[in-house]
Number of protein chains: 2
Amino acid sequence: MAASKGARPPTIGDVAARAGVSPATVSRVMNGNTSVDEALAQRVRAAATELNYRASPLARSLVLGKTNTIAVVVPDLENPTFQGVLRGLSRSAGHDGYHVLIADSAESITDEQILAVETRRRCDGVVLCAPRMPESDLRALLPELQPVVLVNRGADSSVPTIAADYRTALRELLELLYDNGHRSLMFLAGAPQSASNAARLAALEEFRAARPDARVDVVPCGVSFGDGYDAAGTVATGSSTGVLAFNDLVAMGLMSALGELGVRVPQDVSVVGFDDIQFARYTTPPLTTASVPVAELGEQAWLRMRDLLNSRRPARPLLFRPRIERRGSTGPARTR
Amino acid sequence: MAASKGARPPTIGDVAARAGVSPATVSRVMNGNTSVDEALAQRVRAAATELNYRASPLARSLVLGKTNTIAVVVPDLENPTFQGVLRGLSRSAGHDGYHVLIADSAESITDEQILAVETRRRCDGVVLCAPRMPESDLRALLPELQPVVLVNRGADSSVPTIAADYRTALRELLELLYDNGHRSLMFLAGAPQSASNAARLAALEEFRAARPDARVDVVPCGVSFGDGYDAAGTVATGSSTGVLAFNDLVAMGLMSALGELGVRVPQDVSVVGFDDIQFARYTTPPLTTASVPVAELGEQAWLRMRDLLNSRRPARPLLFRPRIERRGSTGPARTR
DNA sequence: CTGTTAGCGCTTTCAG
DNA sequence: CTGAAAGCGCTAACAG
């Protein structure tokens with residue numbers, strides 16, 4: 001048996017002693033350096049196995065100058081988007097032998113920066129999801145964080161970016177409603193300072209320019225289920241026949257409250273969401289939405305990070321084009 | 001300005017040189033050791049600020065023998081339960097200045113153990129969520145992982161455990177249906193080997209013993225939306241008036257498919273879920289379920305871990321009693 | 001091919 | 001109160 005009670009883990013010295021060689025030789029064997037006599041190598045491996053030896057990642061990291069760990073900082077672990085990014089990132093990084101340190105800033109924008117810097121020092125790079133961080137703060141932060149990959153948020157071209165094309169997707173959702181005869185639309189906006197909200201507003205502008213006969217009201221709302229629920233009154237009393245929720249959560253909250261108010265979807269009002277979270281296809285009616293492949297975002301973020309870590313030039317910035325999922329929550333416009 | 005292009009981070013030596021003191025003194029100042037002359041301390045702090053110096057966590061960890069990091073290993077980051085545990089854990093550990101390393105075993109039971117051991121070495125302890133790991137493997141693993149906290153799974157009393165009381169909660173759901181006149185019940189079972197499935201089956205046994213006039217069929221199903229969806233046929237053609245889904249996901253999938261089949265909930269069949277995930281209250285009809293405070297599970301896991309790390313005797317094992325949320329998906333039994 | 005030596009960046013006796 | 005020196009566990013020249 002190896003480890004007994006409270007025993008400190010065996011060191012490379014222990015293995016060396018047991019195998020009757022120097023620590024350097026043990027190191028060579030453990031790292032697959034072939035320039036070691038096979039007989040010796042055998043002895044070393046045997047000793048290592050008997051002692052259940054594993055090199056201390058800490059010590060290796062210190063001398064190698066790399067931790068084999070990356071950090072991901074997210075504003076909110078409760079948000080399905082970041083959960084998906086984390087999942088994709090964690091899986092693909094793990095696949096390449098990398099570990100993931102997670103930093104949840106709990107929406108605190110000030111903490112976020114400190115957190116990012118502090119976390120950065122414990123690992124080899126950081127994947128940053130910071131949709132609300134002011135542009136200027138971000139610029140100041142980025143150099144300190146390198147290597148860094150940005151998710152769902154642009155910067156100068158010096159830092160790799162993975163993002164979903166919120167603008168184009170919302171534009172397509174607007175067109176979908178328009179094609180169904182809707183001329184009076186309502187957009188339930190998310191966090192005013194967020195990058196993805198800005199992208200959506202840009203889509204609105206494009207749409208207004210292209211479709212002067214349509215009208216789109218912007219109503220401040222929020223990003224959560226409850227926010228959508230609370231917006232039902234505004235929707236019910238308004239004259240819009242089509243509502244674009246900031247995301248699926250908002251759309252689901254809205255539909256739920258609409259149902260209680262006796263407003264029928266899609267007969268009375270069409271509703272579209274955004275993200276295509278796991279539950280969107282199972283609401284009643286199933287939600288029309290733009291499908292954002294969040295796990296792939298995370299996966300691609302890792303691929304970029306991996307390039308950076310290997311001092312390869314990272315692949316070009318990726319702008320995922322969400323797929324429009326047309327389901328039961330949208331239908332022809334009805335005169336109200 | 002401090003850091004310029006590609007500059008390596010300043011070391012304690014750099015600060016010492018700039019302040020005209022020894023590294024030891026810098027160390028003392030940075031660690032709040034008061035036995036340093038205030039004038040010197042000022043100079044050191046000034047130098048540190050100018051250089052934007054921060055002690056390398058890596059080097060500190062090596063010499064201090066602690067990383068200020070814990071790991072959490074989960075079988076699946078897609079599962080809302082583990083997402084919640086992670087969230088609660090991350091927030092509360094972060095609050096105490098600890099970092100969280102995440103290991104997603106992607107349901108691979110073999111990898112899980114290797115992953116756990118490997119991850120353990122990079123940090124000070126691990127919170128283990130391993131509902132499917134065979135008992136014997138777990139016992140063998142635990143000593144290597146110490147300090148360790150177990151979530152939703154018991155072990156000998158030597159290791160702190162946080163769990164939800166699945167048995168009692170399912171028992172209460174069974175009684176709820178019984179009290180509504182249901183005598184023919186169906187349980188859609190989850191992963192056969194999982195600890196929480198076993199707890200639910202135990203509840204079934206209790207119920208059968210206490211209510212001999214009721215009948216409960218166990219149907220293998222699964223844990224996901226799709227699994228519930230696929231079970232609708234069995235439910236629709238069966239004679240049960242009440243269905244207990246393994247969890248909310250399954251219940252939602254089931255209700256969705258039931259709707260398509262023209263089976264009304266709760267008029268034709270009552271459905272209960274389990275977990276009370278964020279969306280459960282917004283399904284149509286809203287889902288009756290047992291509310292498991294997943295984030296609190298994570299939070300309490302951290303509290304236990306913190307005790308362990310400070311070599312305090314951890315607080316007693318915690319068994320969260322889920323709260324029954326009675327909503328619209330359950331009603332009086334109907335003769336079928 | 002293998003051992004010796006010198007660090008990685010920090011903390012901590014131990015002297016002075 | 002402060003500095004010199006040793007060492008956390010490992011790897012990477014550099015000799016032999």
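Ala, Val, Leu, Ile, Met, Phe, Trp, Tyr, Cys and Pro count here as nonpolar, Asp, Glu, Lys and Arg as charged, and the others, Gly among them, as polar. On this basis, the surface near DNA strand D consists of 15 nonpolar, seven polar and three charged residues. The model is predicted.

In total, 25 residues lie around DNA strand D, and those that come nearest are A:Ile12, A:Ala24, A:Ser27, B:Ser35 and B:Asp37. Two or more residues of this surface are given by each of helix H2 (23-30) and helix H4 (57-64) of chain A, and likewise by helix H2 (23-30) and helix H4 (57-64) of chain B. The largest share of the surface near DNA strand D comes from H4(A), with five residues.

Around DNA strand C there are 26 residues, of which A:Asp37, A:Val63, B:Ile12, B:Ala24 and B:Ser27 come nearest. The elements giving two or more residues to the surface near DNA strand C are H2 and H4 of chain A and H2 and H4 of chain B. By residue class, the surface near DNA strand C holds 15 nonpolar, seven polar and four charged residues.

A pair of strands was also examined in chain A. Strand S6 (residues 184-189) and strand S7 (residues 215-220) of chain A run parallel and are joined by six bridges. One of the residues concerned is A:Leu185, whose bridge partner in S7(A) is A:Val216. Between S6(A) and S7(A) the chain passes through helix H9 (residues 195-210) of chain A, forming a right-handed β-α-β crossover.

How values were computed:
Residues are numbered from 1 along each chain as its sequence is written. Chains are lettered from A and ligands numbered from 1 in the order in which they are written. This is a predicted model: local features need pLDDT of at least 70, side-chain atom pairs count only at pLDDT 80 or more; totals for chains, interfaces and linings use all residues. Two strands pair if DSSP finds at least two bridges between them. Helices (H or I, at least four residues) and strands (E, at least two) are DSSP runs, numbered from the N terminus. A crossover is right-handed if, with the strands pointing away from the viewer, the path from the first strand over the helix to the second runs clockwise. A residue is near a molecule or strand if its C-beta atom, placed from the backbone, lies within 6 Å of it.
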